[in-house]
Structures are given as structure tokens and as C-alpha cells.
Amino acid sequence: MIPLHSHPSGRHFLQIPGPTNVPDRVLRAIDNVTIDHRGPEFGMLGKAVLAGMKKVFQTQGHVVIYPSSGTGAWEAALVNTLSPGDLVLMAETGHFATLWKKMAVKLGLEVEFLEGDWRHGADAAQIQSRLAADAQHRIKAVCVVHNETATGVTSDIAAVRKAIDRSGHPALLMVDTISSLGSIDYRHDEWGVDVTVAGSQKGLMLPPGLSFNAVSDKALAAADTAQLRRSYWDWKEMIAINPKGYFPYTPATNLLYGLHEALEMLFAEGLDNVFARHKRHGEATRAAVRAWGLEVLCKKPEEYSPALTAVLMPEGHSADAFRKIVLTHFNMSLGQGLSKLSDKVFRIGHLGDFNDLTLCGTLAGVEMGLERAGVPHSKGGVQAAMDHLAQTSAPIAAKEAKAA
Ligand SMILES: *Cc1c(COP(=O)(O)O)cnc(C)c1O
């Protein structure tokens with residue numbers, strides 16, 4: 001047998017920015033009998049999770065749920081709305097934006113990739129001037145990653161919306177929120193997003209295996225003329241049968257039990273409290289990084305991610321060797337640097353099912369790892385984070401009561 005669960009005592013700290021730690025409540029909900037997905041009981045479950053996801057996306061529009069990883073929902077967003085040869089404007093914020101771009105090219109789209117340095121979010125002014133120059137309206141869609149999981153940098157989606165409006169351009173706006181939904185404030189309707197892409201295994205606190213599209217009426221209308229080939233990902237059959245709580249093919253029944261439970265947890269805490277919690281944990285993490293004398297990869301304070309922090313390794317030190325020591329000595333997984341950041345950064349995930357003490361444990365593991373790996377740093381990062389947490393803490397029960 002592969003020793004997937006070799007068992008050092010205590011909990012493994014899964015502090016990669018997704019998959020995140022799955023709460024026991026969610027695991028218990030998943031551990032239930034698989035029912036007839038065309039029976040009456042399932043219809044109620046289907047309706048409940050679709051309604052709950054609309055609340056999380058902050059939309060009155062359509063939500064589609066796929067049994068796939070987030071990559072499937074990326075594909076669904078493109079193939080339902082676009083035709084071969086269509087020009088798409090994408091912002092190079094990091095590894096995930098680059099993967100989405102590669103997929104678009106493979107699907108037969110033409111992509112104009114607005115170059116980035118992987119330390120900043122999408123540049124709304126640049127998007128505006130590019131759209132303004134496109135008098136023929138060749139650009140059919142603008143695609144942006146809300147929270148670039150490779151870099152810990154967020155993009156201002158409301159500003160991108162304004163940029164599109166100011167240029168008077170009809171392009172669709174598509175946003176990847178795979179690592180932000182359920183962790184960072186996100187408003188599909190208010191920000192005028194046409195397709196929002198999401199996944200189960202990050203802020204939604206579920207195992208991998210579900211993905212989502214939130215779809216505006218404008219995007220649904222685009223599907224009427226979009227010529228890219230699609231079958232499994234076709235929105236129309238989903239949207240036709242979803243109001244009754246059913247799906248055109250077998251849904252991931254047990255993951256949907258888990259989603260139902262996760263939604264209850266998010267709503268009991270209150271989405272605003274969930275967002276504030278992530279923001280505060282991001283602040284405390286950066287306080288630790290500064291005290292260690294290390295550098296946060298994200299350049300602009302207003303773009304700091306509340307969901308994860310990417311930390312630059314000092315010159316001449318290997319981020320992967322450090323992460324290996326943290327794993328083998330302290331039983332904690334940290335996120336690796338991806339593609340061009342490989343071995344140069346490590347990423348601390350602070351999203352999902354998380355609280356002040358799990359953050360302290362996480363940061364303690366990082367600080368001990370820095371020492372064991374011989375990485376030059378100052379002591380006191382954990383203390384700086386604790387100071388921030390202590391100064392900004394509030395009774396948890398009172399917060400829950402306020403939410404109810
Ligand atoms: C995790 C992630 C993806 C990829 O999703 P999969 O579930 O691995 O297919 C895409 N975009 C972002 C921003 C992500 O964080």
C-alpha cells in the first residue's frame with residue numbers, strides 16, 4: 001500500500017493555498033449514503049446548494065455546478081461564450097492566469113496577453129486603453145484572475161468593470177475566483193461580471209471535485225451564437241433542469257452533501273465575518289514576514305491577498321529545501337513556487353477553515369523551519385503576528401450571534 005496516511009501524531013497542517021483543511025463537519029456530511037440523483041430527496045439538496053451558491057457569488061443570475069476541478073469550469077466559461085478565432089484579452093498576473101491563457105489558445109481562441117511581472121494585479125487602466133483602441137470590437141472577452149494563487153496578489157474587479165464601461169466596449173468580463181470565493185469579498189452582480197469561475201477545494205472548504213460558473217444573462221445570450229464545440233460543459237441543459245434541483249448527468253452527490261454543510265457554516269459565521277477573518281489573518285501573516293526580515297512577493301498593499309501570502313526566499317536559499325524541512329520536521333505542507341517562481345518563493349495558505357490559533361501554529365512551523373534550514377532571518381515573527389491577533393481579537397460567540 002502507498003503510505004498516504006503514514007501517521008505522525010496530531011494533525012497535519014495543510015497550509016497550501018488549496019486544497020485547504022476540510023472541516024470535520026463537512027467530512028461527516030460527505031460520509032453519507034449515496035442517494036438516487038433523480039429522486040425527491042436529491043431534488044431538495046440540489047435546490048438548496050444552487051440557492052446557497054447564488055448567495056456566495058452574490059448573484060441573482062444562474063449558477064452551474066460541475067463534477068470537475070476548477071480547470072473544467074475555466075473551459076466551460078470559454079466554450080459556452082466564444083467562437084473559434086475570437087480575440088480574448090487576458091491579464092498575466094501569474095501561473096494560473098498563464099494556464100487559463102494556454103487553455104484558451106488550445107481551444108482555438110486568439111489571446112492578447114497583457115504582460116505582468118507576477119507581483120501586481122491586473123492593470124485596469126491598461127485594459128481600458130486596449131479596449132478603447134479596439135474600435136471594431138474584435139475583443140470578445142476580458143479574463144482576469146481575482147486572486148492569483150501563485151503570487152498572493154488580488155486584482156480589483158470593480159476597477160476592471162469600470163475600465164470596460166468607460167471604454168464603452170461590449171466585451172464579456174470573465175473572472176477566476178477559484179481561490180477567492182468564500183474567502184475574499186466578491187460580487188458577481190454588483191461588479192457586472194458575466195462569467196465567474198470557482199472551485200470547491202479552497203475557500204469553500206471542500207475536497208477537490210466540484211467547480212462552478214456564475215452566469216449573467218448577457219453571457220447566456222452569448223451562448224446562443226457561440227460556436228466553440230461543447231457537450232459536457234454546455235450550460236443550457238444544466239440551466240434547463242436545475243430549477244427542479246436536478247442535473248443532466250450524474251452529479252457528485254456526496255460532494256454536494258459536503259457543499260450543503262460548508263454553505264451552512266459560511267452563512268452561520270456570516271460572509272462579512274468570513275471576509276474580515278481572512279483579511280485579519282493576512283495582516284497577521286505579513287506582520288510575521290516583516291518581523292522575520294523577509295519580503296512579501298506582492299508589491300502593492302491594496303493588492304495583498306487575504307487568502308495566502310507568497311514569501312520571497314533570500315538570495316542563495318532554496319524555498320523547496322526549506323519547505324521539505326518544514327514537512328519532515330513539523331508535519332506541515334506549504335505551497336511551492338510555481339513555474340518561474342519555482343524554488344524562489346514559498347506560499348502560506350491562510351484560507352478556509354482557519355482560526356487565530358491555527359495561524360499561530362502555521363507561523364510557528366515557518367519560523368522553526370527557517371531556523372532549521374539555516375535561512376537568515378530575525379526572530380519574533382510569530383510574536384508580531386500574535387500581537388496583531390491579540391490587539392484585533394473579538395469574542396467569537398458574539399460575532400456568530402451578530403451574524404444570526
Ligand atoms: C487552484 C486554482 C486553479 C486550478 O483549479 P484546479 O481545481 O486545480 O483545476 C485555477 N485558478 C486558480 C486561481 C486557482 O487557485
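Author: What follows covers the ligand shell and then one serine. The model is predicted, so local features need pLDDT of at least 70 and side-chain atom pairs count only at pLDDT 80 or more, while totals for chains, interfaces and linings use all residues. Residues are numbered from 1 along each chain as its sequence is written, and side-chain values use heavy atoms, with hydrogens and water left out.

The ligand is surrounded by 13 residues, the closest being Ser69, Thr71, Thr149, Asp176 and Lys202 (near: a heavy atom within 4 Å of the molecule). By type, the shell holds four nonpolar, seven polar and two charged residues (nonpolar: Ala, Val, Leu, Ile, Met, Phe, Trp, Tyr, Cys and Pro; charged: Asp, Glu, Lys and Arg; polar: the others, Gly among them). Helix α3 (residues 70–81) gives the largest share of the shell, three residues (helices are DSSP runs of H or I, at least four residues; strands are E, at least two; both are numbered from the N terminus).

A side-chain N or O atom of Thr149 is 2.4 Å from a ligand oxygen, a polar side-chain atom of Lys202 is 2.6 Å from one, and a backbone N or O atom of Gly70 is 2.8 Å from one. The protein buries 88% of the 380 Å² that the ligand exposes when taken alone (Shrake-Rupley method, 1.4 Å probe).

Ser155 sits in the loop between β7 (153–154) and α6 (157–166). Ser155 counts as buried because its relative accessibility is 4% (buried: under 20% relative accessible area, 1.4 Å probe, protein chains only). Its side chain reaches the backbone nitrogen of Ala122 at 2.7 Å.

Note on methods:
A polar contact is a pair of N or O atoms within 3.5 Å; within protein, one must be able to donate a hydrogen and the other to accept it, and residues adjacent in sequence count only if both atoms are side-chain atoms. Buried means under 20% relative accessible area, exposed over 50%, partly exposed in between (1.4 Å probe, protein chains only).
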